[in-house]
Amino acid sequence: MDYQNTLNYLYDSVPMFQQVGGSAYKEGLENTRILDAHFGHPHQQFRTIHVAGTNGKGSCSHTLAAILQEAGYKVGLYTSPHLIDFRERIRINGTPIPESYVVRFVEEERSFFEPLHPSFFELTTAMAFRYFADERIDVAIVEVGLGGRLDCTNIIAPDLCIITNISFDHVQYLGNTLAKIAGEKAGIIKSHVPVVIGETTPETRPVFVEKAQSVNAPIYFAEENDREDYPGIECELKGIYQKKNTRTIVTALTLLKDIGYRIDGQVVRSGFAHVCELTGLMGRWQKLQDSPTLICDTGHNVGGIAYIAEQLKQQTYRQLHFVIGMVNDKDIRGVLSLLPKDATYYFTKASVKRALPEAELAQLAAGAGLHGDCYPDVPSAVRAAQEKSLPEDFIFVGGSSFIVADLLAHQNEIGLH
């Protein structure tokens with residue numbers, strides 16, 4: 001098989017949450033432990049840092065990876081979902097896993113894993129850990145897929161755990177209160193392993209404290225860290241939500257230094273300033289065009305969209321054009337209630353099975369006082385926004401990671417570079 005056929009095989013034969021949602025979600029670690037044993041427990045061959053949370057875990061993971069790369073470490077980075085190419089999920093020092101490795105892994109191991117019927121994420125996690133071990137990395141930043149307690153990344157024994165924040169997302173799997181969701185995320189807290197909590201609420205803080213105390217894990221709250229270790233630090237990531245991520249990362253760096261990581265101020269500043277270049281991160285308040293300004297962002301739940309709505313208020317423009325699509329398992333009404341009423345909307349859908357049809361989204365949006373036209377796909381919606389914009393206008397594209405993925409995958413034909 002070539003690379004594309006291998007991906008088609010993976011997407012078709014193992015359920016992929018990115019495409020189908022709930023039917024791909026497997027609770028429990030049994031398959032993960034079987035795969036891990038088969039591959040020789042590869043995660044035990046390198047150090048790890050475990051990152052969970054509702055929003056911000058991708059930005060925090062990539063920034064930490066960038067900083068450790070600049071410090072001279074060989075750094076594995078395991079994240080999800082991918083935006084354009086599967087290989088974005090598994091990187092070493094910013095370079096994606098080779099196509100040939102993906103092909104060989106599937107060809108050589110399918111006779112073992114097919115009878116297990118693993119999920120896409122279970123199989124991808126096994127591939128990532130085996131690849132990192134084969135390449136003899138120093139440390140891997142491992143982002144939780146969904147939740148924490150039962151996530152298949154939760155077999156690692158990390159040097160440090162990070163939980164960025166808790167807001168409502170995936171409530172059908174993680175629970176319908178912040179406390180329940182926090183309980184699932186807190187499942188990554190390990191015995192005697194320090195944990196950084198990026199952001200708390202009165203509901204979530206006691207959950208984290210109780211879990212940490214029960215396993216004797218030192219717990220640190222980034223909100224309480226008012227030390228200015230790196231004054232005037234320049235962040236390449238410009239979303240206003242990055243301020244909280246920065247505090248979380250800086251708190252984590254102090255703990256990593258305490259346990260022997262070699263990290264100085266220069267590499268910290270360089271990592272923050274060049275995170276996209278060093279790690280390949282995309283879709284975080286990313287500017288793709290001037291005159292009119294075009295920004296995309298992967299924020300896709302109430303917590304993420306609240307920050308985006310606030311940041312849009314801080315922009316100056318003649319007219320705001322908002323290209324939006326969502327998937328059907330989100331709090332769609334909650335998101336729509338946060339969006340600006342005076343924007344022109346372009347309702348569309350991403351090229352995944354979970355995408356909400358654009359007409360349904362438009363109907364729900366009208367109930368929230370948001371109005372615009374419908375478009376069958378992201379390129380046509382963005383082109384329409386460009387045609388209706390003057391140079392002093394502002395185009396925002398988002399509502400779902402998959403909308404941003406479609407935008408980035410088609411940016412050349414849309415005329416963006």
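Entry 1: I began with strand S10 (residues 293–296) and strand S14 (residues 394–398), which run parallel and are joined by four bridges. The model is predicted, so I noted the limits: local features need pLDDT of at least 70, side-chain atom pairs count only at pLDDT 80 or more, and totals for chains, interfaces and linings use all residues. Residues are numbered from 1 along each chain as its sequence is written, and side-chain values use heavy atoms, with hydrogens and water left out.

I wrote down my terms. Strands (E, at least two residues) and helices (H or I, at least four) are DSSP runs, numbered from the N terminus. Two strands pair if DSSP finds at least two bridges between them. Strands of a sheet pair through backbone hydrogen bonds, either parallel or antiparallel.

Which residue of S14 is the bridge partner of Cys296? I found Val397.

Next I traced the open sheet. Its six strands follow the order S9-S10-S14-S11-S12-S13, with mixed pairing. Strand S9 (286–289) and strand S13 (372–374) are the edges, each pairing on one side only. The twist averages 20° from one strand to the next. Angles run from 0 to 180 degrees between N-to-C directions, and axes are lines fitted to C-alpha atoms, for helices over the stretch in contact.

Helix H15 (residues 358–367) lies across strand S11 (320–324), strand S12 (344–347) and S13. It runs at about 150° to S12.

**Entry 2: the eight-stranded sheet.** I then turned to another open sheet. Eight strands form it in the order S4-S3-S2-S5-S1-S6-S7-S8, and the pairing is mixed. Its edge strands are S4 (95–96) and S8 (219–221), each pairing on one side only. S4 and strand S3 (residues 90–92) run antiparallel, joined by two bridges. There, Arg91 has Pro96 in S4 as its bridge partner.

Helix H6 (residues 120–134) packs on this sheet and touches strand S2 (75–78), S3 and strand S5 (139–143). Contact means heavy atoms within 4.5 Å. The direction of H6 makes about 15° with that of S3. Helix H10 (residues 242–258) also packs on the sheet, and its direction makes about 170° with that of S6 (160–163).

Entry 3: I counted a salt bridge where a side-chain nitrogen of Lys or Arg is within 4 Å of a carboxyl oxygen of Asp or Glu. The structure holds 15. In one of them, Arg130 meets Asp134, with the closest N and O atoms 2.8 Å apart. Both residues lie in H6, four residues apart, about one turn of the helix.

Entry 4: On a 1 Å grid over the protein atoms alone, a cavity is a set of points where a 1.4 Å probe fits but cannot get out; lining residues have an atom within 4 Å of a point. Grid points are joined across faces, edges and corners, and a volume is the space filled by probe spheres set on the points.

I found three cavities of 30 Å³ or more. Which helix gives the most to its lining? H6 does, with four residues. Helix H3 (30–38) supplies at least two. The lining includes Thr32, Phe39, Glu122 and Phe129.

Note on methods: 1 Å grid on protein atoms, 1.4 Å probe; cavity = no way out; pocket = protein on both sides within 12 Å on 5 of 7 lines; lining within 4 Å.
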